[in-house]
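User: I'm new to this one. Can you walk me through it?

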Amino acid sequence: MTETPPPARGQVLLDALGAEAERLHPELLASFRRPSAVGHAEGVFTIAGSRFGRWSALARPVVGPRLLVTARGRAVPFTLMTVSGRSPSGRATLDSVRVFGFSRGAQEIADRLTVSVRPGLVRNLLGSRGRVELIEACSVTPEGFLRMSTVRVALRLCGRRVALRGPLGVHVDLVDGWDEEHRRRTIDMRAVNPVLGTVLEYRGWYREQDRHAAAQPGSQPGS
């Protein structure tokens, strides 16, 4: 019996986009199709973090570690590590860890993407414990960039899923693009609460490294 080959680096996004993936910028499409399951990238956020600072830590007992950041800065170096795989049901997954090099110490955000049963959607479990669940719509911008926008958000606690709506909700919009002049990837993410405004943001650039990641993302809850 032959083993199933590992999925491409961005298989979860390719599966979600379907035929729409062909509209991606050639550099993004080539990166997503790369056969290596492990990805490592380094870059700089021109701005990153939360304006609520240490107040963000108050939610950590509920949402768990590796989800919130308690600092904010400019010209913040960061590392992105990814591992693509498959869930027990065979759907493509993508585990990511972003390490922010804030001046007062490194902080991490982890998540796991899994293809949804509905075309065009992915399920995103945030943090080491996957207690915050986003359902995100994947699309391609006119420039050929990948856009991911939240359609639903829920809190998973004690085996239950509680939908977060209205003042408790958050809308996340992320655009992963390409800077032709500097030959590098770009990233722009903003998470907005209808009452508090922007609760987390980061935007900047990064380049994928040829070498394998020195460290791999930790395990995530099963899908």
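Analyst: What follows goes from the whole chain to a few residues. This is a predicted model, in which local features need pLDDT of at least 70 and side-chain atom pairs count only at pLDDT 80 or more, while totals for chains, interfaces and linings use all residues. Residues are numbered from 1 along each chain as its sequence is written, and side-chain values use heavy atoms, with hydrogens and water left out.

User: How many helices and strands does the protein chain have?

Analyst: The protein chain has three helices and 11 strands. Helices (H or I, at least four residues) and strands (E, at least two) are DSSP runs, numbered from the N terminus.

User: And what pattern does the chain follow along the sequence?

Analyst: The pattern reads α-α-β-α-β-β-β-β-β-β-β-β-β-β.

User: What percentage of the residues is buried?

Analyst: Of the 223 residues in the protein chain, 52% are buried. Buried means under 20% relative accessible area, exposed over 50%, and partly exposed in between (1.4 Å probe, protein chains only).

User: Which residues have the most contacts inside the largest nonpolar core?

Analyst: L24, F100 and L146 do, in a core of 48 residues. Helix α1 (residues 11–17) gives the largest share of this core, five residues. A nonpolar core is a set of buried Ala, Val, Leu, Ile, Met, Phe, Trp, Tyr and Cys residues joined through side-chain atoms within 4.5 Å.

User: What is F100 in contact with?

Analyst: Leaving aside neighbours within four places in sequence, the contacts of F100 include F45, V69, F78, I109 and Y202. Contact means heavy atoms within 4.5 Å.

User: Switching topic: is R185 buried or exposed?

Analyst: R185 is buried, because its relative accessible area is 6%. The residue is found in strand β10 (residues 184–193).

User: Which side chain does R185 join in a polar contact?

Analyst: The side chain of S31, at 3.1 Å. A polar contact is a pair of N or O atoms within 3.5 Å; within protein, one must be able to donate a hydrogen and the other to accept it, and residues adjacent in sequence count only if both atoms are side-chain atoms. Not counting residues up to four places away in sequence, R185 also touches other residues, among them D176, W178, W205 and E208.

User: Where does V172 lie?

Analyst: V172 is in strand β9 (residues 171–179). It counts as buried because its relative accessibility is 11%.

User: How far apart are V172 and E201?

Analyst: They are 29 residues apart in sequence and 9.3 Å apart in space, C-alpha to C-alpha.
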